[in-house]
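Trainee: I would like to go through this model term by term. Please set each value against its cut-off.

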Amino acid sequence: MIKKLKEKKVLIENIGKIVVYTILIILGIVVMAFPAFGLISPITYTSVLFLIFAFTCLIAYFIHRKEEDYELLLLSLIDIVVASFMFLFKNEKASVVLGIAFSVFTLLYIGNKAYRIVFLKKDNNELYIINIIVTFLVTFLGILVITNLFQEKTVETMLLGYYFITFGIMNVLEPVLSLLMNNSKFNMLNLFFGETQTVTPEVIEEKKPATKKVTTKKPTTTTKKPTTTKKPTATKKPTTKKVSTTNSTKK
């Protein structure tokens, strides 16, 4: 029963994260698919995207509310800070404001992921390796986007669309792998990541039937001394009575 409850909590937590990052991927596709976004200020729709992202992170956080795990809550606060910065400077040059905003977001994201990695390491969860890889990839992605924004080499709408799609795909890896590793049907993944300790099966101690101690008495071996056989008494000779045969012969 306890094992099923733990598996259900893990399932809800991971599904919440998958939904959050899937929404971000969809938003990136929408930005790239509709040319009308090119007519709008990139600061405006980017700040709106960050606010939507922050709202979904808050919902996912309050759904599972795991102790000492504030990754989604901190991520939503980071999104709000970045969106507020862009709103304040929306009248400035778009490339500069976006470059600074994404620089701040990348740095704060790295700090949040470092907190997540430490939390998983304390919990003896092998998924901290995946988080290290994701953090490295997102950092590399952020550097590429920031340099292109400052140098104005790429159309901002296409660049932002690619960023949100790639960012969502990278971050959706952790919850997907966590679902597979915690599902008994996919235990083959433990060959690559080791035994995960996120879900520990309950050990039920069976009461052993009380067995009575049988005290076996040792057989007392009393060796009787062999009785000496008495010598046979001399047999008396049978007394034969003498029969006097008187032959009375009549003369």
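Mentor: Start with the elements: helices (H or I, at least four residues) and strands (E, at least two) are DSSP runs, numbered from the N terminus. Ser47 is found in helix 2. The model is predicted, so local features need pLDDT of at least 70 and side-chain atom pairs count only at pLDDT 80 or more, while totals for chains, interfaces and linings use all residues. Residues are numbered from 1 along each chain as its sequence is written, and side-chain values use heavy atoms, with hydrogens and water left out.

Trainee: How many helices and strands does the protein chain have?

Mentor: The protein chain has 8 helices and 0 strands. From the N terminus on, the order is α-α-α-α-α-α-α-α.

Trainee: Why is Ser47 called buried?

Mentor: Buried means under 20% relative accessible area, exposed over 50%, and partly exposed in between (1.4 Å probe, protein chains only). Ser47 has 0% relative accessibility, so Ser47 counts as buried. Of the 251 residues of the protein chain, 35% count as buried.

Trainee: Which residues does Ser47 touch?

Mentor: A contact means heavy atoms within 4.5 Å. Leaving out residues up to four places away in sequence, Ser47 touches Ala83, Met86 and Phe87.

Trainee: What makes Ala54 buried?

Mentor: Ala54 also lies in helix 2. Its relative accessible area is 3%, so Ala54 is buried. Ala54 touches Ser76, Asp79 and Ile80, again not counting residues up to four places away in sequence.

Trainee: How do you know that the reach of helix 2 is close to the expected span?

Mentor: The expected span is 1.5 Å times one less than the number of residues. Helix 2 (residues 42-64) has 23 residues, and 33 Å is expected. From first C-alpha to last, helix 2 reaches 34 Å. Helix 5 (residues 128-151) has 24 residues and reaches 35 Å, close to the 34 Å expected.

Trainee: Which residues of helix 5 are buried?

Mentor: Among them are Tyr128, Asn131, Val138, Gly142 and Leu149.

Trainee: What makes the phi of Asn124 worth a remark?

Mentor: Most residues other than glycine have a negative phi. Asn124 is not a glycine, yet has a positive phi of about 55°. Asn124 is found in the loop between helix 4 (94-122) and helix 5. With a relative accessible area of 43%, Asn124 is partly exposed.

Trainee: Why are Phe85 and Phe89 called partly exposed?

Mentor: Phe85 has 25% relative accessibility, so Phe85 counts as partly exposed. Phe89 has 37%, so Phe89 counts as partly exposed too.

Trainee: Why is the pair of Tyr163 and Phe167 called stacked?

Mentor: Their ring centres are 5.8 Å apart and their planes stand at 20°, so the pair is stacked. Both residues lie in helix 6 (residues 156-171), 4 residues apart, about one turn of the helix. Tyr163 is buried at 2%. Phe167 is buried at 1%.

Trainee: Which residues do ring pairs link into a cluster?

Mentor: The cluster includes Tyr21, Phe50, Phe102, Tyr109, Tyr163 and Phe167.

Trainee: What makes a nonpolar patch?

Mentor: Patch residues have over 30% relative accessible area and no salt bridge; like charges are joined within 9 Å, and nonpolar side chains (Val, Leu, Ile, Met, Phe, Trp, Tyr) within 5 Å. A salt bridge is a side-chain nitrogen of Lys or Arg within 4 Å of a carboxyl oxygen of Asp or Glu. Areas come from the Shrake-Rupley method with a 1.4 Å probe; for residues, only the protein chains shown count as cover. The nonpolar patch here covers about 900 Å², and its residues include Leu11, Ile15, Val48, Tyr70 and Phe87. Ile15 lies in helix 1 and is partly exposed at 40%.

Key:
Phe/Tyr/Trp six-rings, centres within 6.5 Å; stacked < 30°, edge-to-face > 60°.
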